[in-house]
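Dear colleague,

Please find below the structure that I am handing over to you. My notes on it follow directly after.

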Amino acid sequence: MAKLFASLYDTVMGPLEKRWIAHIRKKIISGLEGKTLEIGTGTGANFPFYSPEKVGSLDSVEPNPYMLEQAKLKARDIGIPVHFHQGVAESLPFKDGEFDTVVATLVLCSVQDPHTVFKEIKRVCKKGGRIVLFEHVRTESASLAALQDVLTPAWKKLCDGCHLNRDTGRYMKDSGIKVIKEKKYLKGIFVEFEGVNLE
């Protein structure tokens with residue numbers, strides 16, 4: 001299933017990426033600075049938008065080995081050294097306070113334990129560092145949220161563990177990360193978060 005999901009991901013997501021998501025990626029990724037960690041790199045959709053003048057180095061964590069191979073190909077020409085790590089966000093192979101910035105886009109819906117993931121994000125992000133996310137989440141619309149709840153069990157099986165109804169913003173706030181930006185799109189189904197690690 002992991003190989004099939006990886007092989008179809010760019011094709012299936014392509015139209016939505018071109019029409020909308022790529023613009024969001026460019027907006028949030030182009031402003032990142034310093035030593036950066038990207039969690040759940042997938043096939044490398046964010047890579048074209050990193051600024052070599054701002055990002056000194058990039059570490060990439062991705063559990064799907066087939067997606068990781070695609071990401072490595074996309075990283076060849078971005079002008080930034082990228083260090084790839086196959087692994088999960090619940091156990092990041094980095095020292096405390098190692099990164100200036102941590103970023104994740106459309107990935108925290110599929111992690112096994114979001115509480116642990118945010119603890120790890122806080123641990124590896126330096127004090128005062130930025131945490132930047134773009135995720136689809138449980139909507140505030142009661143009717144749409146009910147539909148998300150109904151669809152999620154089947155959706156998880158089809159889409160590599162993706163939860164349609166995950167309340168990622170709550171997990172972020174509960175972790176102690178200070179949320180300084182929360183911009184909602186499409187009735188709050190998609191949300192852009194920016195936080196600061198105060199500890």
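In strand 7, Phe190, Glu192, Glu194 and Val196 point one way, Val191, Phe193 and Gly195 point the other way, and all are buried. Buried here means under 20% relative accessible area, exposed over 50%, and partly exposed in between, with a 1.4 Å probe and protein chains only. Strands (E, at least two residues) and helices (H or I, at least four) are DSSP runs numbered from the N terminus. This is a predicted model, in which local features need pLDDT of at least 70 and side-chain atom pairs count only at pLDDT 80 or more, while totals for chains, interfaces and linings use all residues. Residues are numbered from 1 along each chain as its sequence is written, and side-chain values use heavy atoms, with hydrogens and water left out.

Strand 7 covers residues 190–196; seven of its seven residues are buried, so the strand is largely enclosed by the rest of the structure. Two strands are taken to pair if DSSP finds at least two bridges between them. Strand 5 (residues 125–136) runs antiparallel to strand 7 and is joined to it by seven bridges; here Leu133 has Phe193 as its bridge partner. Strand 6 (residues 178–185) is also antiparallel to strand 7, again with seven bridges, and Lys184 stands opposite Val191. The hairpin of strand 6 and strand 7 has four residues between the strands, and Leu186 takes a positive phi near 50° in it.

The structure holds five aromatic pairs. Rings of Phe, Tyr and Trp (its six-membered ring) pair if their centres lie within 6.5 Å; planes under 30 degrees apart count as stacked, over 60 as edge-to-face and the rest as tilted. One of the pairs is Phe134 with Tyr185, edge-to-face at 6.1 Å centre to centre and 80° between the planes. Phe134 belongs to strand 5 and Tyr185 to strand 6, so this pair ties together parts that are 51 residues apart in sequence. Phe134 is buried at 1% relative accessibility, and Tyr185 is buried at 12%. Phe134 also forms a stacked pair with Phe190, 5.8 Å centre to centre and 15° between the planes. Since Phe190 lies in strand 7 and Phe134 in strand 5, the pair ties together parts that are 56 residues apart in sequence.

Elsewhere, ring pairs link Phe47, Tyr50 and Phe84 into a cluster.

With kind regards
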